[in-house]
Amino acid sequence: MTSTQDVHPLLLRRSEEVGAFRIVRRLATGGYGAIFLAESETRGPVALKFALQGPSRENEAHVDERTWKEAAVLMRLEHPNVVEMLGYRRWPDARDGYMVLILGYVEGPTLSEWALRSHPTPRRVAQVFAQVALTLDAIHREGVLHRDIKGSNIIIRASDGQPVLVDFGSGDHACTPVLTEDSLPPGTPSYRSPEALRFWTGPRVSGSRYAFQPTDDLYSLGLVLYEVLTGAFPYPAQLPPSALLASIESSQLRPPSGLNPRVPAVLDPICLRLLHKHAEGRYPSGAELYGALSAAMETADVSWDEPLFPPRAPPDAVTEEAEELFDGDEDARELRRWMRAPERPGSPWDTDSGVPGRLLTPPTEPGPRFPMEPGAARPSLWEVWLRRRLRSLRRGLAALRSRRGR
Ligand SMILES: Nc1ncnc2c1ncn2[C@@H]1O[C@H](COP(=O)(O)OP(=O)(O)O)[C@@H](O)[C@H]1O
Ligand SMILES: [Mg+2]
């Protein structure tokens, strides 16, 4: 019988079978899981999300627990703008194999890819964010908090242009088990609200937990809106939490239309209210954000139908790298994408725009927290994976340096 020791999700190749499904290709690899497109005779395409560690290894069970928790949260949700959970199983062994979530396949780019490649207009952006606001409102009413809202966790569904929330791996619901949180809990540090950063960087009673609120999800959505409207992350990303908090506390955000004149001024106060330094200053619910965006859309004139960033003619256009070159590391690809963002006219790094050049390094997923064994005789799969990830990052940096040198 095949055991967990003989196989690993990252080694899965095209046509291999996982239960009733046949692997088509790897879609992405994150800090905790790998996502594959797969097909079956009866169900058509599905996305299989594998936990990268099994349940039984000492000190590593949190990856397995996290995937269980994701399944428990998704089971509570049924919404046209939330990824559909079709089931779960363990692989290869039904008792101690890797957790696999069987998800509805959502074909389409992530919101970050869409923003960089599809030249959306202010009207489309407002429509998409209004729909995300309604979706957040619906999940919050169910008592679920997403806790990791960012561009790569929203897919723009190709069939109808609707946003779909994915990745509830950091999600929370009162009924789900509490995982150990002795440091900043799962989620992407750069997208944390200032109040969460204050909690985790300030003095606190040992064992106390930060009480996430809908306003935390709305703050993260505000960061994504700011990125989409301006092409810029408003703070230096990838700072340690205390430095990021200091940057947030000390800076006065420029309104999006100040960075990109194509942004309708009526969207400025909406975006800035989402990014208010205190939760009380923000929209209290997704429904109120939806109301504000709908009211703004009623004032729309023809300028709302011009792309936020004018498309550039080839060969200068920001193009997606060839799929054959993609090594499956979605975070590193996103980093390379945003590094190419300055090539867009009107972006804050565009030297013609008069704004001082500033490097945007998009936040990445939290790294895997696993004990590295310096004396290990053979590199573990984790080490192989980490090295691959480092190689991708180095490639991205080399590309950036060569562009700067030009
Ligand atoms: N159901 C799905 N259909 C299609 N693509 C998906 C689906 N779920 C996730 N993805 C893709 O895989 C990427 C990583 O999935 P995600 O659930 O965010 O995993 P992680 O927890 O590792 O971040 C997403 O950014 C998206 O591009
Ligand atoms: Mg994700």
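Colleague: Before we get to the ligand, what makes a polar contact here?

Modeller: A polar contact is a pair of N or O atoms within 3.5 Å, and please keep in mind throughout that this is a predicted model.

Colleague: Fine. How far is serine 152 from ligand 1, then?

Modeller: A backbone N or O atom of serine 152 lies 2.6 Å from an oxygen atom of ligand 1, which falls within the 3.5 Å limit.

Colleague: And which atoms of ligand 1 lie 2.9 Å from glycine 104 and from aspartate 167?

Modeller: For glycine 104, a polar backbone atom is 2.9 Å from a nitrogen atom of the ligand, whereas aspartate 167 places a polar side-chain atom 2.9 Å from an oxygen atom of ligand 1. Taken alone, the ligand exposes 550 Å², and the protein buries 94% of that area.

Colleague: What does the shell around ligand 1 consist of?

Modeller: Nine of its residues are nonpolar, six are polar and three are charged. Of the 18 residues around the ligand, those that come nearest are Lys49, Gly104, Val106, Ser152 and Asp167. At least two shell residues come from each of the strands β2 (21–29), β3 (33–40), β4 (44–51) and β6 (98–104).

Colleague: Why say that ligand 1 lies between the domains?

Modeller: Because residues of the shell come both from domain 1 (9–104) and from domain 2 (111–305), the ligand lies between the two.

Colleague: Switching to the metal, which protein donors does the magnesium ion have?

Modeller: The magnesium ion, ligand 2, has Asn153 (OD1) and Asp167 (OD) as its protein donors, lying 2.2 Å from it. The two are 14 residues apart and link distant parts of the chain, with asparagine 153 in the loop between β7 (144–145) and β8 (154–156) and aspartate 167 in the loop between β9 (163–165) and β10 (172–173).

Colleague: Is asparagine 153 buried or exposed, and what about aspartate 167?

Modeller: Asparagine 153 counts as buried because its relative accessibility is 4%, and aspartate 167 is buried as well, with a relative accessible area of 12%.

Colleague: Another asparagine, then: where is asparagine 81, and which side chain does it contact?

Modeller: Asparagine 81 sits in the loop between α1 (61–75) and β5 (85–91), where it counts as buried at 3% relative accessibility, and its side chain makes a polar contact of 3.2 Å with the side chain of glutamine 131.

Colleague: Last one: where is phenylalanine 233 found?

Modeller: Phenylalanine 233 is in the loop between α5 (214–230) and α6 (241–250), and it is buried, with a relative accessible area of 0%. Its C-alpha atom is separated by 7.1 Å from that of leucine 223, 10 residues away along the chain.

Key:
Residues numbered from 1 in each chain as written. Chains lettered and ligands numbered in written order. Predicted model: local features only at pLDDT ≥ 70, side-chain atom pairs only at ≥ 80, totals over all residues. Heavy atoms only, no water. Donors = N, O, S within 2.8 Å, 3.2 Å for Na, K, Ca; no water. Helix = DSSP H or I, 4+ residues; strand = E, 2+ residues; numbered from the N terminus. Buried < 20%, exposed > 50% of the residue type's maximum accessible area, 1.4 Å probe, protein only. Near = heavy atom within 4 Å. Polar contact = N/O pair within 3.5 Å; in protein donor to acceptor, adjacent residues only side chain to side chain. Areas by Shrake-Rupley, 256 points an atom, 1.4 Å probe, with all protein chains shown as cover. Nonpolar A, V, L, I, M, F, W, Y, C, P; charged D, E, K, R; others polar. Domains from an automatic or database assignment.
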